[in-house]
Structure formats: structure tokens, C-alpha cells
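Student: I have a new model open and would like to learn how to read it feature by feature. Could you walk me through it?

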Amino acid sequence: MTEHVVSLIWDAWRTRKKGVGAIAQRQRARLADIVAHARANSPHYRELYRDLPDLVESVQQLPVTDKKMLMERFDDWCTDRAVTLEATEALVDDPSRIGEWFLGKYTVMTTSGTTGRRGIFLVDDHTMAVVTAMMLRWIGDWLGPSDFLKIIARRGRMAMVMATGGHFASAVAAARLKQRRGSRIEVLSAHMPTAELVAQLNRFQPALLTPYASMAALLADEQEAGRLDIHPVLLALSAEGLPQAEYGRIARVFNAKIGNSYAASECMFLSAMCDEGWLHINADWVAFEPVDADYRAVAPGEQSHTVLISNLANRVQPILRYDLGDSVLQRPDPCPCGNPLPAIRVQGRSADVLTFRTPGGEVRLPPLALSQAIESIRGVTLFQIAQSDPDGLELRLQIAPAANADAVWREAEAGLRKVLGEHGLERVAIRRGGEPPEQGRGGKFREVIPLSGGRS
Ligand SMILES: [Zn+2]
């Protein structure tokens, strides 16, 4: 580990310990620094910020950016003039080059993009060091000394279950970890038959397991049924896609700690979950603003339309006041866990709002209204609600083997009908999907999918 990484880890611990004031002070200083860097080295930001004062100390002074705007000006956006869209596309269009260093120093990853433009993100070494520091700060909260001893006893074996075949963040991370000498990493494709996946995990006996959340639920079913017999110390999941109670069940079944995080290719160290179930934003390295549809600040305790993030670590491709598209709720009071970093919950993607035409006009339904109707139903391990036509919803369920499938279907349909009725949408038809929930290209499941396909 380099001296640089060690000093970042030390700073991360000290800042958190000192509390709110120190976190805000770090954020302010790092923002001024990265804005100055972007103006000096990115033609796009130089132009975008030309009317701003020399010293920028508040994110609110900055104009909002998004993926479309930045991707359209890719070459001018990057601060290294050697980086071009053409060269990065050549890399990400070749599946055999996943995890390859770009120009000898950058990590490249993509976001899937079901609609609109795919995002291509470059990460420099400084950012990777911040990722390490943030991960250690988080894991230190989660694991005790005896957990670390157990991980060492199993020689740190880690199994990653993921969507393969694309330059997604998880696949790039896995490829990088495998390049390290002496690493014990097994990468398993989420697309292999369950029996084969179970056999491979039984053989490998991981100390750490990183499936995406719904895959963890499926593996918990296998473990409960006795086919899977593994004893991981920690399951690190992404905080998306599962009913809250499922996380507790997975922890019980494996007798393991569950670590949850919420991140994006735009900011890989965004946040991690505490044992009170709140995601704490690493605000010393990212400015995180819950805002309404007009980009005005939303008070803590109120649901936001979207969030703007400013990644204060990544210098090669500055992400500043960037519309991430997720609706969140920030906790208004201090989190009982004692962590002074801001605590949030993710409510879904703002672009996943469903729109229906009725004789009285357009009715817009937030994704949370529908998903809440389903996620509390016992026996549902995974679900997806897709708008299949302007007046129809298709419901896709994955039901626990021990549950009464017919009763679960009826309860789920009744729950949806109640929500639709409350919004004057009685005439919207609900169809049972014959297929299980579809996995997105990034390996994640979206709970609610609008007719257009929504945001990427
Ligand atoms: Zn907390």
C-alpha cells in the first residue's frame, strides 16, 4: 500500500471522528480545488464556468450537468488531452479488454443505458485510493476483529457473482482484483444454471461473497434448502432491489454480516449502509444535494426528485453538480448509529415514474407507490412491474419455493389494484408475466419500468 493511500485512510478516520464541521471543511476545500483543476484543464468546464468568480466554495454556484451533456463533449470534458472518445470506445467495445489500463493509468467503465447514450467513465489512481479508504472506513464499522480473523483463516477467498460480458463497474473491479498477485477471487456468472453456481460455491467456500441483492436472496433459498453449504463472513450487496426484510433473512440464513452500499460509476465511493438501515454519504469526498425538479434544494425529511453529485476525487473526468436521476430522502435528525455523515434512503429512479393517459388528463405514478404495494408481501423474493402498454402493467414475480404461489399472486394483484384505484386508474389492466423479472444489462433489477424504458 502506498504512503498516499495510508494518508487517505488516516484522513478518512480522523475526519469522521471530528464530525460535521470537519466533514464540511474538507468538502469545501476539495471542491475549490477540483473546480480550479477542471477550469484549468477541461475546455468544457472552462467554457461552462467562464462567468463564475475565481474562487468557488459552494456547489450551488455551479451550473448543473448530466450524462448527455458531458458525453456529447467527451474529449473536451476530460482534463487529459490524450483521452479521446474514439480511443475509449475502442476499449469498451471489446469484451476481451475488461479491466485493461487505458493510457497506462486509467480505469474505464460503462453504464448500460437502456435508452439514450451509454456513459463511459474514466477513473484515475487517486480516485481508486479514495475508494479504498472509504471501503476500509465502512468495513471497519461493520466487522469486528474476530470477523477479520475468520477472513484471514479462509485466506481472503472472495466470490463475485455478477453479470458478465460488459465493462460494468463490478466486472472491471473483478478483473483488476484478479490481476493482483496471490489474490483468491472467483468470478461467477449470474447467468449460469443455479445448480452449477451452487456446486462452484460449495467447492470454493468464500469468506466474502458479493452477489447483487436479488442473487443473494436466491442463494439464501438454496442454503435454506440445504443444497448450498457455505459460511461467508460478509456478503457485500448493492442496496437496490430487495424488500427490506429480505436483508435480515439473508443475514440469518448465512449467519453472516450483510454490507450494503449505494454507488454509481460516476462516484464509486458514494455511500454505505449502517446497521440502522441508512446509507451514509461519504460527504468528505462527495457533495450530495437532494433537489426538486427545478434543482432547488429539498429539505431533509422530504423526498427529492433527483440528486446532484459532485465527485471531489476524480480529476481526469470531473463530475460536478451532475444529475444522477435518483430520488432520495435525507434523514432530518442525527442517525442513532452515531455516524455523523449524512444519512439517506434511495426511493427509486425519478425517470421510473409511470405515466397513464386518462380522460381527465395525465396521471403520474411514482415507482415507490407501486413497489411498496408488493415488497411487503411474504413469499415474494423478487418482483418487477413493467408498463407493457399505455393501459397495462405486467407483473413479474419470483416466489419463494415454500410459499403458496397462487395466494402470493392474488395478494400482489390486489395490492396493485388498490394503488391504481387510489389514483383513478381502475381501467389499467394487470397481467401476470410468464417470465421471471428481467435482469438489466448492468446486472441489476429495476423494480418499476415505464413504457418508454425510462432512464438508463
Ligand atoms: Zn446510521
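Student: Let me start with a strand pair: which residue in β2 does Thr111 stand opposite?

Tutor: Thr111 stands opposite Gly119 in β2. Keep in mind that this is a predicted model. The two strands, β1 and β2 (residues 119-123), pair in the antiparallel sense, with five bridges between them.

Student: Which way do the residues of β1 point?

Tutor: The general idea first: in a regular strand, side chains alternate between the two faces of the sheet. In β1, Thr107, Met109 and Thr111 point one way, while Val108 and Thr110 point the other way. Both sets are buried, and β1 is accordingly described as mostly covered, with five of its five residues buried.

Student: Which strands does helix α9 pack against?

Tutor: For a helix, start with the turn: an α-helix has 3.6 residues a turn, so residues three or four places apart point the same way. Helix α9 spans residues 169-179, and its buried residues are Ala169, Ser170, Ala171, Val172, Ala173 and Ala174. The buried residues of α9 pack against β1 (107-111), β3 (158-162), β4 (185-189) and β8 (267-273). That brings us back to β1, the strand you began with.

Student: Now another sheet. What is the strand order in the open sheet of three strands?

Tutor: The order is β10-β11-β12, and the pairing is antiparallel. At the edges are β10 (286-291) and β12 (322-323), each of which pairs on one side only. Between β10 and β11 (residues 306-311) there are six bridges. As one example of a bridge, Pro290 has Val307 of β11 as its partner.

Student: And the domains: how far apart are the C-alpha centres of domain 1 and domain 2?

Tutor: The centres lie 29 Å apart. The domain assignment gives residues 1-347 to domain 1 and 353-449 to domain 2.

Student: Which residues have the most contacts inside the largest nonpolar core?

Tutor: They are Ala216, Leu235, Val286 and Ile309, in a core of 122 residues. Helix α11 (residues 213-224) gives the most to this core, namely seven residues. Domain 1 (1-347) and domain 2 (353-449) both contribute residues, so the core lies between them.

Student: What does Leu235 touch, leaving out residues up to four places away in sequence?

Tutor: Leu235 touches Leu209, Ala216, Ile250, Phe254, Ala256 and Ile258.

Technical notes:
Residues are numbered from 1 along each chain as its sequence is written. This is a predicted model: local features need pLDDT of at least 70, side-chain atom pairs count only at pLDDT 80 or more; totals for chains, interfaces and linings use all residues. A residue is buried if 20 or more other C-beta atoms lie within 10 Å of its own, exposed if 12 or fewer, and partly exposed in between; C-beta atoms are placed from the backbone. Helices (H or I, at least four residues) and strands (E, at least two) are DSSP runs, numbered from the N terminus. Two residues are in contact if their C-beta atoms, placed from the backbone, lie within 7 Å. Domain bounds come from an automatic or database domain assignment. Two strands pair if DSSP finds at least two bridges between them. A nonpolar core is a set of buried Ala, Val, Leu, Ile, Met, Phe, Trp, Tyr and Cys residues joined through C-beta atoms within 7 Å.
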